[in-house]
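Biologist: Hi! Could you walk me through this one?
Modeller: Happy to, here it comes.

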2 protein chains.
Amino acid sequence: MSHQTPGRSQRQTQQRDAIWQAFKASGRPMSPAEIHEHAQQAVPGLGMATVYRNLRKLEREERIVPVHVPGEPDRYETAKAAEAHHHHFHCEVCGKVYDITGCPGGLADLLPKGFELTAHEISMRGRCEACSLASE
Amino acid sequence: MSHQTPGRSQRQTQQRDAIWQAFKASGRPMSPAEIHEHAQQAVPGLGMATVYRNLRKLEREERIVPVHVPGEPDRYETAKAAEAHHHHFHCEVCGKVYDITGCPGGLADLLPKGFELTAHEISMRGRCEACSLASE
DNA sequence: CTAGTTGCAAAGCATTTGCCTGTGG
DNA sequence: CCACAGGCAAATGCTTTGCAACTAG
């Protein structure tokens, strides 16, 4: 075993590439179905199984991270996007998920004595600007 | 149509009651499987379908609310517990989910201009007191 | 050439529904 | 008595896996 870095995909395929491009192109968290739909435009015969396999692989390689939206199927976004600590906003009208930079902090103070905080995730819900204007 | 209130279970059955008791007994968010396991002690032949049917009914009647834990199956807790604004802590060692009262606030300030905040959910993760002490 | 990859289809899981029997009121 | 509920099993819907064929290196 010569290299141990997490970021080594063994082979470069057009499917794998198309899936990765889907992330780059969107700039926001994507569900497996959205990825599949997008990547299929580049690689017509692309199967759902391949999408899932690559998502898990990318996840193990820490190139993407899962984004959990309450009541919604999981989405994924690039690790680069996740580097900057941020949270998510789910528009209940158009369904899109947006990255929200910043964090209120002070969460550890809410915990009972003895509890150790490792990580946290904040999901906001409401209407994005576009949908907010449209519904007025 | 004479009554329209949301809290109308049509009939009082032992299964329904056992499921409800499971919530009362635990005092923390429970997964369908946990509910089933607990309620089955009171009603041996209780089927999973009945648990799910009752959960959905209780949810419609607004007597329980879903609790989404990132990467975990949904849990549910009593509406009474949910009345006091609170969040959740998932112990990554023992797997239990705890209610955390309080909220850091200031979330709306993080949103881009034009975004409207309707609701939010905060999931914390780490070690609860018991597991924290044990691992030291 | 050779092993990592893909597609398809079948297998898994968790949740929902259909249908007929049981029972609360 | 009779419609609501429950039990069982089949049906979903989403994700994973098995396997033979394919292809990047």
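**Chains and DNA**

Modeller: Between chain B and chain A there are 4 salt bridges (a side-chain nitrogen of Lys or Arg within 4 Å of a carboxyl oxygen of Asp or Glu).

Biologist: Which residue forms a salt bridge with Glu116(B)?
Modeller: Arg127(A) does, with the closest N and O atoms 2.9 Å apart. Before we go on: this is a predicted model, where local features need pLDDT of at least 70, side-chain atom pairs count only at pLDDT 80 or more, and totals for chains, interfaces and linings use all residues. Residues are numbered from 1 along each chain as its sequence is written, chains are lettered from A and ligands numbered from 1 in the order written, and side-chain values use heavy atoms, leaving out hydrogens and water.

Biologist: Thanks! How does β5 of chain A run against β5(B)?
Modeller: Antiparallel, with 11 bridges joining the two strands; strands are DSSP runs of E, at least two residues, numbered from the N terminus, and two of them pair if DSSP finds at least two bridges between them. Met124(A) stands opposite His120(B) there.

Biologist: Where does Thr50(A) reach?
Modeller: A side-chain N or O atom of Thr50(A) is 2.6 Å from a phosphate oxygen of DNA strand C. For Arg56(B), the corresponding distance to a phosphate oxygen is 2.7 Å.

Terms used
Polar contact = N/O pair within 3.5 Å; in protein donor to acceptor, adjacent residues only side chain to side chain. Helix = DSSP H or I, 4+ residues; strand = E, 2+ residues; numbered from the N terminus.
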